[in-house]
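Please read the briefing below alongside the sequence and the model, which are shown first.

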Amino acid sequence: MPKCPKSEKIEDALLWECPVGEVLAKPSDYKPSLIALTAHNWLLRISTATGKILEEVYLASYCKFRYLSWDTPQEVIAVKSAQNKNSAGARQAGIQPSVLLYLAVFHVLPFSLIGILEINKRIFGNVTDATLSHGILIVMYGSGLVRLYSFQAITEQFMQQKLDLGCACRWGGTTGTVGEAPFGIPCNIKITDIPPLLFEVSSLENAFQIGGHPWHYIITPNKKKQKGVFHICALKDNTLAKNGIQEMECCSLESDWIYFHPDASGRIVHVGPNQVKILKLSEIENNSSQHQISEDFVIWANRENKSENLFTVTASGRVVKKSVNLLDDDPEQETFKIVDYEDELDLLSVVAVTQIDAEGKAHLDFHCNEYGTLLKSIPLVESWDVTYSHEVYFDRDLVLHIEQKPNRVFSLYVYQMICDPGEEEEEEEAEEGILNRSCSKE
């Protein structure tokens, strides 16, 4: 029986830590772990302390799984396959694959299987993508249409058979062990009829966010000239919030982005190349049925105002001065690339990058989540090539930097924050006082 190769290439990874007070079945479930997806469809749980593989699950051979994401942070993960593409022969014959992609869904505490769901075009129509978020199946179409369905209702109605990892299973005339190679995990959630629709909306490039108290959503009007303009609307009646049109005044090659703050405060994070804006969603005074958007605080990049003056002389000898401003995401200026939130420490983490000569340098800044005050800045040792894809995750005392180079070559850099035992006693009292003073509103 084939085993997971020891030198298997990692495709994607997530960090998982057990909450305090949780009672779990196995001692290894309490250990902080990396959930890693390999290039050959193995899902690994790796100890962050020793690098030892604690669990390994073979997903399937009928598709190529490629992406890992949290459905519900620290509770449920979703593993998404690459989209099925037509072969040249199938295209010539006019044959279209009915299944667009697969979603494998797992509980992490303890690590257990929920099921594998197929997204079928015969059911959903000409769908272009799908994902899971907070128990909602989000289905997207090329026209910009976004539709929402309850994943729980889908599993209850369409799960063909409950499967458990490590247990024997008979499926399609074949017997094997669920999660072991070569049997893997059969696709046990097959939708045979369109499920009840929760909500639908049209948005440019299918951009859609939902959150806030009460529920609101963020979209970009479905017109190309509206790119970079965000509308914040109430979910119950689609009314636009007061000051609910947000547009960041910046001139950059990369677009700004916006999302609901993951700290469940109902706030909104709007990130541009040189600023991180935290917005509040609140009731309008004397009108509890309507809500408004206001600024909570702004984190600014540390940069100088570099406008370059060019002088030209006309044929008559007159000197003409022309002012040329650099782009807001010019690589020679400090530019924000990634913003994340650590819930247990209640900190915002911001990755800022500056191109120095031919090499990019990055640092990770920790800000007070309540007021935005800068508490600490940590330089990353490795260089940061702005032409590569990067992900940075911060969880308690661990920082992970995943770099994707050409030809799907990945590098993983792991940082662990430690306290110098010799300095701990001397600095503990002073450091506590500094943090208490820093994380306060000025």
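Asn 286 is exposed, with a relative accessible area of 78%, where exposed means over 50%, buried under 20% and partly exposed in between, using a 1.4 Å probe and protein chains only. This is a predicted model, in which local features need pLDDT of at least 70 and side-chain atom pairs count only at pLDDT 80 or more, while totals for chains, interfaces and linings use all residues. Residues are numbered from 1 along each chain as its sequence is written, and side-chain values use heavy atoms, with hydrogens and water left out.

**Backbone features in loops**

- Asn 286 has a phi near 65°, a positive value in a residue other than glycine, and it sits in the loop between β21 (275-284) and β22 (287-300); helices (H or I, at least four residues) and strands (E, at least two) are DSSP runs, numbered from the N terminus.
- Asp 346 also has a positive phi, near 55°, and is found in the loop between β25 and β26 (347-356), where Asp 346 is partly exposed at a relative accessible area of 35%.
- Most residues other than glycine have a negative phi, and most peptide bonds are trans.
- Ala 181 and Pro 182 are joined by a cis peptide bond with omega of about 5°, and Pro 182 lies in the loop between β13 (174-177) and β14 (199-202).
- A cis peptide bond also runs from His 213 to Pro 214, with omega near -10°, and Pro 214 belongs to the loop between β15 and β16 (216-219).

**Surroundings of Gln 209**

- Gln 209 is placed in strand β15 (residues 208-211) and, at 31% relative accessibility, counts as partly exposed.
- Leaving aside residues up to four places away in sequence, Gln 209 touches His 216, Tyr 217, Ile 218, Ile 258, Tyr 259 and Phe 260, a contact being heavy atoms within 4.5 Å.
- Gln 209 and Tyr 259 are 50 residues apart along the chain, yet their C-alpha atoms are separated by 6.2 Å.

**The cavity**

- The count comes to 1 cavity of 30 Å³ or more, a cavity being a set of points, on a 1 Å grid over the protein atoms alone, where a 1.4 Å probe fits but cannot get out, and lining residues having an atom within 4 Å of a point.
- The largest cavity has a volume of about 80 Å³, that is, the space filled by probe spheres set on the grid points, which are joined across faces, edges and corners.
- Of the 11 residues that line the largest cavity, the closest to its centre are Glu 254, Ser 255, Trp 257, Pro 273 and Phe 336.
- Strand β25 (residues 335-342) gives the largest share of this lining, 3 residues.
- Because domain 2 (199-300) and domain 3 (331-432) both give residues to the lining, the largest cavity lies between them; the domain bounds come from an automatic or database domain assignment.

**The chain as a whole**

- The protein chain contains 4 helices and 31 strands, and 45% of its 442 residues count as buried.
- Among contacts in the protein chain with a separation of 6 or more, 45% are between residues 24 or more positions apart.
- The mean pLDDT of the protein chain is 85, and 81% of its residues reach 70 or more, pLDDT being the predictor's confidence in each residue, from 0 to 100.
- Over residues 426-438 the pLDDT is below 50, and this stretch has 3 contacts in the model beyond near neighbours in sequence.

Note on methods
On a 1 Å grid over the protein atoms alone, a cavity is a set of points where a 1.4 Å probe fits but cannot get out, and a pocket is an open set with protein on both sides within 12 Å along at least five of seven lines; lining residues have an atom within 4 Å of a point.
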